[in-house]
Each structure stands twice: as C-alpha cells, then as structure tokens.
Amino acid sequence: MYPSQTSLIPVAAALARFLAERGFSAFTLNYPYWYLGTTPFKFLTGTVVPIITVLIKKLIPSVTYFNILIYFVTISCLISSAGWSFLVFKINREKIKFSSFIIYFLIFTVLPYKYLNGLALAEPSAFIAEMFVPFVLLTTRKNSYWGTLGVAAVLLISTNVLPVILIGMVILTLAEKNSLKKTLIIFRIGMVLATFYYTPSFWLTILT
C-alpha cells in the first residue's frame, strides 16, 4: 500500500527509517537529507510517531513503513471522532443525553475531510497530534497535572499543533469562565517539559 503522490507520509517514513538505522543516537544527530545536513533530526519530528513506527516495524518486519503510518493516520481519525464527541458531550452534559454522543461520533467519523487531509496532504506526525487535541482540552478542563502532561505529550508528537492547542485552551477557558492564568501556566509548563527534548535552540530557530 502506497500513499498518494501529494502525501507527506513518505517524509515520516524516511525519518523513521533513519531512526531505525541509527538507533536513539539519531536524536542527537543532524539529518543528512535536509538542508545539506545542517538540521538536527529532533527539529524535524517529535519522538512518538517515529519510535512507535520503528517498534512495530521490528515486531512485524513484513509490514512497510508506509502501511504503519497509513494505519496510524486512519486510527487517529477514529480516535479523534471519539475525542471531539466526548468533549462536546462533557461541555453540554446538562443539556443533552448520552445518546447524543453516538450521533456526534457518527457525524465526526463520516465527515471526509480529515481522511483526505491525513492520507493525501498532511505530514503524519502533525496530523496525528491534531487528532489528539480534544483529549488535551478534556484534561486541561479539570486537572492541572494531567493537563500539563497532555500538552507536553501532544507537543512531543508534533509542535505544529502548538497554536491549535493554545487557542483551544484559551477559548474553552473563556467560555467556561475559568482562570485564564491557570490555563496559561498549564500550557507553559507543558512547553517546558517538551523543551527537554527539543532544546531551547529549537524555539529560538522557529522565532528567528
């Protein structure tokens, strides 16, 4: 099974293959096939997707990197449908019945754009991180500890999701009239935890 020609799945496959060849030392090396080898590998991807991809490849050698990533993207779409449905249900728990959760889930599941985006357009790590946004928003609503870990975890999948997470957290906080200061502290601590992997120079490079 091969991705479409417009897909960025081959990029994630190439990064995973580099990790498989170099081991965990890859996270300390520059990636030789990007900007003439001047870019650190860790600046190109988070830890989660390439590590899990390599582990599955080692457990099931017959499956290709393409197949693994395609399955990841498809499964994350279904997980996202459950996440958004549950978030809507929790926010409106006093107004709707649990049966509405099933309706929301079916609607989110059949909407085609996320499948088109994930399988034909988006880079897998960034796309998968976006699919986990509702779960981060759920954790930050009630528990600072799990909310902080949720922010850090999704950033370790991909930092491309950072503005989506921040805007979502702020909007949800204002809508529910919770403490904006507390929300921003959760977000900042989550960023600090993720920075242990990316290093401060990563953020400086982005700002530059």
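Q: What does buried mean, in terms of relative accessible area?
A: Buried means under 20% relative accessible area. Over 50% is exposed, and partly exposed lies in between.

Q: How confident is the prediction, as an average pLDDT over the protein chain?
A: Start with the mean, then look at the elements. The protein chain averages a pLDDT of 88. At least 70 is reached by 97% of the residues.

Q: Which elements have the lowest and the highest mean pLDDT?
A: Helix α4, residues 99-110, has the lowest mean, 82. The highest belongs to α2, at 94.

Q: How far does helix α8 reach from its first C-alpha to its last?
A: Run the check again. Helix α8, residues 144-157, has 14 residues and reaches 20 Å. That is close to the 20 Å expected at 1.5 Å a residue.

Q: Which residues of α8 are buried, and what do they pack against?
A: G147, T148, G150, V151, A152, V154, L155 and I157 are buried in α8. They pack against α2, α6, α7, α9 and α10.

Q: What happens to the backbone just after α1?
A: Check phi. G23 takes a positive value there, about 75 degrees.

Q: Is R22 buried, exposed or partly exposed?
A: Take its relative accessibility and compare it with the cut-offs. R22 lies in helix α1. Its value is 40%, so R22 counts as partly exposed. For a distance, take R22 and V73, which are 51 residues apart along the chain. Their C-alpha atoms are separated by 25 Å.

Q: Where does S125 sit, and is it buried or exposed?
A: S125 is found in helix α6. At 3% relative accessibility it counts as buried, because the cut-off is 20%.

Q: What does S125 touch, not counting residues up to four places away in sequence?
A: S125 touches T45, V49, I157 and S158. V49 is 76 residues from S125 along the chain, yet their C-alpha atoms are separated by 6.1 Å.

Q: Where does T47 lie, and what is it in contact with?
A: T47 lies in the loop between β2 (39-40) and α2. It is buried, with a relative accessible area of 16%. Leaving aside neighbours within four places in sequence, T47 contacts F27, L156 and Y197.

Q: What is the volume of the largest pocket, and what lines it?
A: The largest pocket has a volume of about 550 Å³. Its lining has 23 residues, and W34, F43, L44, T45 and N160 lie nearest its centre. The elements giving two or more residues to that lining are α1 and α11 (200-207). By class, the lining has 14 nonpolar, eight polar and one charged residues.

Q: How much space lies in the second largest pocket?
A: About 160 Å³. Its lining includes T140, R141, K142, M169 and I186. Two or more residues each come from α7 (133-142), α9 (162-175) and α10 (180-198). The classes are three nonpolar, five polar and four charged.

Q: How many cavities of 30 Å³ or more does the count give?
A: A cavity is space where the probe fits but cannot get out. The count comes to one. The largest cavity has a volume of about 40 Å³.

Q: Which residues line the largest cavity?
A: A12, L15, A16, T45, V49, P50, T53, L69, E123 and S125 do. At least two of the lining residues come from each of α1 and α2. By class, the lining divides into six nonpolar, three polar and one charged.

Methods
Residues are numbered from 1 along each chain as its sequence is written. This is a predicted model: local features need pLDDT of at least 70, side-chain atom pairs count only at pLDDT 80 or more; totals for chains, interfaces and linings use all residues. Side-chain values use heavy atoms; hydrogens and water are left out. Helices (H or I, at least four residues) and strands (E, at least two) are DSSP runs, numbered from the N terminus. On a 1 Å grid over the protein atoms alone, a cavity is a set of points where a 1.4 Å probe fits but cannot get out, and a pocket is an open set with protein on both sides within 12 Å along at least five of seven lines; lining residues have an atom within 4 Å of a point. Grid points are joined across faces, edges and corners, and a volume is the space filled by probe spheres set on the points. Ala, Val, Leu, Ile, Met, Phe, Trp, Tyr, Cys and Pro count as nonpolar, Asp, Glu, Lys and Arg as charged, and the others, Gly among them, as polar. pLDDT is the predictor's confidence in each residue, from 0 to 100. The expected span of a helix is 1.5 Å times one less than its number of residues. Buried means under 20% relative accessible area, exposed over 50%, partly exposed in between (1.4 Å probe, protein chains only). Contact means heavy atoms within 4.5 Å.
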